[in-house]
Amino acid sequence: MKNLLLLEDDRTLCQGIALALQSDRLRITQCHSISEATRQLQSQEYHLAIFDINLPDGSGLVLLVQVRKTKQLPVLLLTAMDTEINIVNGLELGADDYITKPFSLAVLRARVSAQLRRLDPAPEQSYQQDMFRFDFDRMEFWKGQQQIELSRTEQKLLRQLIDHPGMTLTRGQLIDAIWTDERSYVDENALSVAIKRLRDKLEDNPKKPFYIHTIYGIGYMWKVNPC
């Protein structure tokens with residue numbers, strides 16, 4: 001479970017962002033002032049923070065500078081100030097990303113996911129199960145003695161599935177992980193097409209998949225011990 005501190009004085013927007021980002025792997029603490037956020041940062045460890053800049057009791061940039069003195073906490077700035085000089089200033093003060101209002105919640109989700117992925121230990125680049133051997137460094141994928149050619153999208157999809165064996169990944173989680181910043185422009189059918197192509201290449205009978213299971217109405221799962 002990762003902890004995210006969300007600092008936004010517009011309570012309606014803050015609640016909307018929290019709802020868009022909520023997941024069973026992310027705990028979100030909402031704050032509406034710098035003083036409230038400061039207390040939270042002192043009382044609990046956070047893995048990521050999102051700061052609005054214009055706040056009722058000061059500037060989120062000042063809080064960013066204070067945080068940088070003592071913490072390596074990744075910080076995303078969220079603001080309506082979209083001029084180049086404001087963006088450069090925020091990044092030079094130590095922000096890890098800068099998102100301007102109005103913004104797409106899907107893009108924000110993708111940016112947050114990207115920051116959180118950087119905190120995870122580097123995954124093993126090779127994987128073996130049954131007749132499968134996958135080497136993501138060399139981009140070599142084998143089913144028995146047969147080498148399989150996978151597109152970049154198929155490689156990303158396979159990586160997500162085998163990194164979470166036995167876990168149901170929602171369609172939204174997979175789309176965010178595979179297409180990242182392009183999330184808002186991706187046709188919903190793109191994931192279904194990628195799943196079909198991957199099954200065609202890996203499964204003995206793609207119409208009755210042994211490994212890549214559909215969890216109807218939710219998403220997909222890589223079966224560790226298929227039966």
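The following legends describe close-up views of a predicted model.

**Figure 1. Overview of the predicted protein chain.** The model comprises 227 residues, of which 41% are buried. Its secondary structure consists of 8 helices and 14 strands. The C-alpha trace extends over about 65 × 35 × 30 Å along the principal axes. Among contacts with a separation of 6 or more, 57% are made by residues 24 or more positions apart.

**Figure 2. Strand β1 and its pairing with strand β2.** Strand β1 covers residues 2-7 and is mostly covered, with 5 of its 6 residues buried. Strand β2, residues 26-31, pairs with β1 in the parallel sense, and 6 bridges join the two. Within this pairing, Asn 3 has Arg 27 of β2 as its bridge partner.

**Figure 3. The open sheet formed by β8, β9, β10 and β11.** This sheet contains 4 strands in the order β8-β9-β10-β11, and the pairing is antiparallel. Strands β8 (126-129) and β11 (146-148) each have a single partner strand and stand at the edges, so one side of each has no neighbour in the sheet. From one strand to the next, the twist averages 15°. In the pairing of β9 (residues 132-135) with β10 (residues 140-143), the antiparallel strands are connected over 4 bridges. In a regular strand, side chains alternate between the two faces of the sheet.

Figure 4. Asp 135 belongs to strand β9 and stands opposite Glu 140 of β10. The relative accessible area of Asp 135 is 21%, and the residue is therefore partly exposed; the limit below which a residue counts as buried is 20%. When neighbours within four places in sequence are left aside, the contacts of Asp 135 are Gln 125, Ser 126, Glu 140 and Phe 141. One of these, Gln 125, lies 10 residues from Asp 135 along the chain, and the C-alpha atoms of the two are separated by 5.9 Å. The side chain of Asp 135 also reaches the backbone nitrogen of Asp 137, at 3.1 Å.

**Figure 5. Aromatic rings around Phe 136 and Phe 141.** The structure holds 9 aromatic pairs. In the pair formed by Phe 136 and Phe 141, the ring centres are 5.3 Å apart and the planes meet at 75°, so the arrangement is edge-to-face. The distance of the centres and the angle of the planes are the two quantities that describe a pair of aromatic rings. Both Phe 136 and Phe 141 are buried.

Figure 6. The antiparallel pairing of β12 with β14 (residues 219-222) runs over 2 bridges, and Tyr 220 in β14 is the bridge partner of Leu 169.

**Figure 7. The surroundings of Thr 170.** Thr 170 is located in strand β12. With a relative accessibility of 29%, Thr 170 counts as partly exposed. Apart from neighbours within four places in sequence, Thr 170 is in contact with Ile 218 and Gly 219. Leu 198 is 28 residues from Thr 170 in sequence, and the C-alpha to C-alpha distance between the two is 17 Å.

How values were computed
Residues are numbered from 1 along each chain as its sequence is written. This is a predicted model: local features need pLDDT of at least 70, side-chain atom pairs count only at pLDDT 80 or more; totals for chains, interfaces and linings use all residues. Side-chain values use heavy atoms; hydrogens and water are left out. Two strands pair if DSSP finds at least two bridges between them. Axes are lines fitted to C-alpha atoms, for helices over the stretch in contact, and angles run from 0 to 180 degrees between N-to-C directions. Buried means under 20% relative accessible area, exposed over 50%, partly exposed in between (1.4 Å probe, protein chains only). Contact means heavy atoms within 4.5 Å. A polar contact is a pair of N or O atoms within 3.5 Å; within protein, one must be able to donate a hydrogen and the other to accept it, and residues adjacent in sequence count only if both atoms are side-chain atoms. Rings of Phe, Tyr and Trp (its six-membered ring) pair if their centres lie within 6.5 Å; planes under 30 degrees apart count as stacked, over 60 as edge-to-face and the rest as tilted.
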